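Subject: Structure handover

Hello,

Please find the structure below, followed by notes on what was found in it.

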Amino acid sequence: MNRVTIYTDGACSGNPGPGGWAAIIINADHRQEISGSDSHTTNNRMEMQGALRALEALTTPSRVELFTDSRYLQRGMSEWIHTWKKNGWKRRSGKRLLPVKNEDLWRRLDALAEIHQITFHWVEGHNRNFENERCDELAQQAINAFK
C-alpha cells in the first residue's frame, strides 16, 4: 500500500469570514502543495477542507499519516466520529442530542477513511514545524485573495 504524509492547515480572517486552507502531500520523493479559499466560512471548516482536499487528491488507496494543528479535526476523526455515527450524526449536549456541526464535511472525511488507512496526528501550531508553518503561509495567502 502506498505511504503518504500529509500536513494541513486552515485559517479565517474573522470567524466566520474569508478563509483559506492548505495541504502538503508528500509521497516518496514527490511533494505537492495545494490550497484554496472560501469567501465566507469558519476556521474549523477550513481546517477540515485542507484534510479533505489532500485526501481527495490521492489517486490510490494509501496509508496516510495526516498532521494537523487542529484538535477539532484530529479528535473529531480519531475519537468523536464513532459516537456521532452511532447516534445518527448527533452530538450530546447535556441530556440532549444536537446535530453535529459541519456534518457535511465529517461525512466526506468518513467516506475517505473507508478508502485510506488514515492516522490523524496533532501538532502544535506556530512551533517551528516547517511543514505546518508552510501550510499556514499558504492558507494565509489563500485568504488574501479576498482582501
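Two strands count as paired if DSSP finds at least two bridges between them. Helices (H or I, at least four residues) and strands (E, at least two) are DSSP runs, numbered from the N terminus. This is a predicted model, in which local features need pLDDT of at least 70 and side-chain atom pairs count only at pLDDT 80 or more, while totals for chains, interfaces and linings use all residues. Residues are numbered from 1 along each chain as its sequence is written, and side-chain values use heavy atoms, with hydrogens and water left out.

Strands. Strand 2 pairs with strand 3 (residues 30-41) in the antiparallel sense, over 10 bridges. Ile-25 has Gln-32 in strand 3 as its bridge partner. The hairpin made by strand 2 and strand 3 has two residues between the strands, and Ala-28 takes a positive phi near 55° there.

Cores. A nonpolar core here is a set of buried Ala, Val, Leu, Ile, Met, Phe, Trp, Tyr and Cys residues joined through side-chain atoms within 4.5 Å. Buried means under 20% relative accessible area, exposed over 50%, and partly exposed in between (1.4 Å probe, protein chains only). The largest nonpolar core has 28 residues, and Ile-6, Leu-55, Trp-106 and Leu-109 are among those with the most contacts inside it. Helix 1 gives this core its largest share, six residues. Leu-109 touches (heavy atoms within 4.5 Å) Met-48, Ala-51, Leu-52, Leu-55, Leu-73 and Met-77, leaving aside residues up to four places away in sequence. A second, separate core has 10 residues, including Ala-11, Ile-24, Cys-135 and Ile-143.

Cysteines. A disulfide is a pair of cysteine sulfur atoms within 2.5 Å, and a search of the whole structure finds zero of them. The sulfur of Cys-12 has its closest cysteine sulfur in Cys-135, 16 Å away, which is too far for a bond. Cys-135 is buried, with a relative accessible area of 0%.

Pocket. On a 1 Å grid over the protein atoms alone, a pocket is an open set of points where a 1.4 Å probe fits, with protein on both sides within 12 Å along at least five of seven lines; lining residues have an atom within 4 Å of a point. Grid points are joined across faces, edges and corners, and a volume is the space filled by probe spheres set on the points. The largest pocket holds about 170 Å³ of space. Its lining includes Met-77, His-82, Asp-110, His-116 and Phe-120. Helix 2 gives the largest share of that lining, five residues.

Regards
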